[in-house]
Amino acid sequence: MSARLALDRLLESHTGIEVARGGIDASVDMFLARRLPELKLANVDEYLARLTPDSPELEVLLNAITVTHTWFMRDPGQLAIVSELLSQRGPGDAPLKVWVPGCASGEDVYSVAILAEQAWRGVEVLGSDINAGALSKARAGSYGSWAVSDIVEVER
């Protein structure tokens, strides 16, 4: 098995991300083209030898290849389903529990919370991501004009 394929399998087993989907394989290739010279490594075999599931280098790799951008109200189709679920709940019902995996910098999580507030319904939203940098931005909760460009004034 080639070192590159072994790297893909390590990423897939550690994260569940299918490297061949969504252009991630190209991101890995670009990362390796930059990172190997930075570390003064001759090839992917040497890089793979340094990479373990608990190594800091794995976090560097994951932060480089995962998507870190999103924006408020990004996916109207999915948010329409969330709105429908919220509307089906009574005012005294338990909060709707929503998990946003791969939440990047958190705008999708806040979008769900905005919808719940507009519907006057309770919601518990959990956002998770494997990108430490994106999660740091999500925790800060500070967003620029691009992130809010698709929302109306009442949502702001």
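Where does Pro95 lie?

Modeller: Pro95 sits in the loop between helix H5 (76-87) and strand E1. A word on the ground rules. This is a predicted model, with residues numbered from 1 along each chain as its sequence is written. Local features need pLDDT of at least 70 and side-chain atom pairs count only at pLDDT 80 or more, while totals for chains, interfaces and linings use all residues; side-chain values use heavy atoms, with hydrogens and water left out. Helices (H or I, at least four residues) and strands (E, at least two) are DSSP runs, numbered from the N terminus.

Pro95 counts as partly exposed because its relative accessibility is 32%. The cut-offs are simple: buried is under 20% relative accessible area, exposed is over 50%, and partly exposed is in between (1.4 Å probe, protein chains only). Pro95 is in contact with Arg89, Gly122, Val123 and Glu124, leaving aside neighbours within four places in sequence. Contact means heavy atoms within 4.5 Å. Arg121 is 26 residues from Pro95 in sequence, yet their C-alpha atoms are 7.1 Å apart in space.

Now step into the strand. E1 spans 96-101, and Lys97 lies in it. Lys97 has a relative accessible area of 65%, so it is exposed. From Lys97 to Trp120 there are 23 residues along the chain and 15 Å between C-alpha atoms.

Go on past E1. Ala104 is in the loop between E1 and helix H6 (107-119). Ala104 has a positive phi of about 50 degrees, although it is not a glycine. Is Ala104 buried or exposed? Ala104 counts as buried, because its relative accessibility is 3%.

But Lys40 counts as exposed, because its relative accessibility is 74%.

Next, the interior. In soluble globular proteins, nonpolar side chains tend to be buried together. Here, the largest nonpolar core has 21 residues. Such a core is a set of buried Ala, Val, Leu, Ile, Met, Phe, Trp, Tyr and Cys residues joined through side-chain atoms within 4.5 Å. Leu7, Leu11, Val28, Tyr47, Leu61 and Ile65 have the most contacts inside this core. H1, H2, H3 and helix H4 (56-65) each supply at least two of its residues. H2 gives the largest share, 5 residues. A second, separate core has 18 residues, among them Leu86, Cys103, Leu135 and Ala147.

Look again at Tyr47. Not counting residues up to four places away in sequence, Tyr47 touches Phe31, Leu32, Arg35, Leu36, Leu39, Leu41, Glu57 and Leu61.

Between helix H1 (3-15) and H2 there is another loop, and Arg21 is found there. Arg21 counts as exposed, because its relative accessibility is 55%. Arg21 and Glu84 are 63 residues apart along the chain, with their C-alpha atoms separated by 30 Å. Gly22 lies in the loop between H1 and H2 as well. With a relative accessible area of 84%, Gly22 is exposed. Gly22 and Thr68 are 46 residues apart in sequence and 14 Å apart, C-alpha to C-alpha.

Finally, zoom out. The protein chain has 7 helices and 2 strands. Along the sequence they follow the pattern α-α-α-α-α-β-α-β-α. The C-alpha atoms fill a box of roughly 60 × 30 × 25 Å along the principal axes. The radius of gyration is 19 Å, whereas a compact globule of 156 residues would have one near 15 Å. That radius is taken over C-alpha atoms, and the globule rule is 2.2 Å times the number of residues to the power 0.38.

Of the 156 residues, 37% count as buried. Among contacts between residues at least 6 apart in sequence, 71% join residues at least 24 apart. The chain has 14 positive and 22 negative charges, and their mean positions are 3 Å apart. Lys and Arg count as positive, Asp and Glu as negative, and His and the chain ends are not counted. The place of a charge is NZ of Lys, CZ of Arg, CG of Asp or CD of Glu.
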